[in-house]
Structures are given as structure tokens and as C-alpha cells.
Amino acid sequence: MPPYVVVLSVLGLVAALIAAVYAVSFAVAPRAFESGPFLSGARPAEHALSRFHVRWYAVSMVFLAFDMEMVFMYPWALVVASIGVKAVVEMFAFLGLLLVGVLYAWREGALRWA
């Protein structure tokens with residue numbers, strides 16, 4: 001038996017298996033809207049494209065600042081021993097800059113929840 005026959009047979013079996021899985025899914029799946037994948041089938045309370053309050057954008061910016069802090073601190077922690085005091089001073093300057101940003105956001109009320 002030539003090798004291409006074996007390859008084509010395996011591909012045919014895989015295609016038949018995929019078609020069978022789709023057929024069983026189509027036969028068993030419920031048709032009602034209430035069985036939607038979101039909110040455990042419950043109808044949504046608001047539109048999916050509803051607007052968020054502008055305060056959440058400021059909170060997300062503060063979160064991204066702290067997220068970037070961790071992105072920079074992990075590689076720094078790996079090389080701080082080999083670089084020495086210069087790396088420690090640079091990281092404290094970076095953390096001080098972030099602290100100034102957080103204090104500004106706090107003063108402007110970006111972290112107020114009420």
C-alpha cells in the first residue's frame with residue numbers, strides 16, 4: 001500500500017470525526033435565546049456597548065502605572081546584584097516618579113469611589 005493512501009485515509013477519518021462532532025452538537029444544542037453563553041442564559045440588563053463613567057478611565061490608568069512598575073521591577077530584581085548601587089538608585093527614582101503620579105491622582109479624586 002502506497003504511503004499517500006495511508007495519509008489520505010487518516011485525513012478522511014479525521015474529517016469524518018470532525019463532521020460527526022458537529023452533527024451531534026447541532027442535534028443536541030438547544031435553540032432558545034435563554035440558553036445563550038453569557039450571564040448563564042439570563043437576558044442582559046443593559047446594552048453591551050453601554051458607556052462607562054469617566055472615573056473608570058483614571059482608575060485604569062493608575063492600574064496600568066502599577067502594572068508597568070511590576071514589568072520593570074522583575075528584570076531589575078534579576079540583575080540588581082550585578083549592577084550594584086546605581087540600579088538601586090534608579091529604581092527608587094522610578095518608584096518616586098510613580099508615587100508622584102499616584103499622589104496627583106489621589107489629589108484629583110481619581111481614587112474616590114463615591
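A: Let's go to E69, which sits in helix α2. A helix here is a DSSP run of H or I with at least four residues, a strand is a run of E with at least two, and both are numbered from the N terminus. This is a predicted model, where local features need pLDDT of at least 70 and side-chain atom pairs count only at pLDDT 80 or more, while totals for chains, interfaces and linings use all residues. Residues are numbered from 1 along each chain as its sequence is written, and side-chain values use heavy atoms, with hydrogens and water left out.

Is E69 buried or exposed? E69 counts as buried because its relative accessible area is 11%; buried means under 20%, exposed over 50%, and partly exposed in between, using a 1.4 Å probe and protein chains only. What does E69 touch? Leaving out residues up to four places away in sequence, E69 is in contact (heavy atoms within 4.5 Å) with F94, L95 and L98. Take L95: it lies 26 residues from E69 along the chain, yet their C-alpha atoms are 7.8 Å apart.

Now for the charge. Although E69 is buried, it has no salt bridge, meaning a side-chain nitrogen of Lys or Arg within 4 Å of a carboxyl oxygen of Asp or Glu. The nearest side chain of opposite charge is R107, 20 Å away; in this count Lys and Arg are positive, Asp and Glu are negative, and His and the chain ends are not counted.

R107 does have a partner: it forms a salt bridge with E108, with the closest N and O atoms 3.4 Å apart. The count of salt bridges comes to 1. R107 is exposed because its relative accessible area is 62%, while E108 is partly exposed, since its value is 47%.

A110 lies in the segment after α3 (85-108). A110 counts as buried because its relative accessibility is 14%. Apart from neighbours within four places in sequence, A110 contacts A58, V59 and A105.

Of its 114 residues, 10% count as buried, E69 being one of the residues called buried. The chain exposes about 10000 Å², and carbon and sulfur atoms supply 76% of that.

Finally, a word on confidence, given by pLDDT, the predictor's confidence in each residue from 0 to 100. The chain's mean pLDDT is 82, and 85% of its residues reach 70 or more. Where pLDDT is low, predicted coordinates should not be read in detail.

Methods. Areas by Shrake-Rupley, 256 points an atom, 1.4 Å probe, with all protein chains shown as cover.
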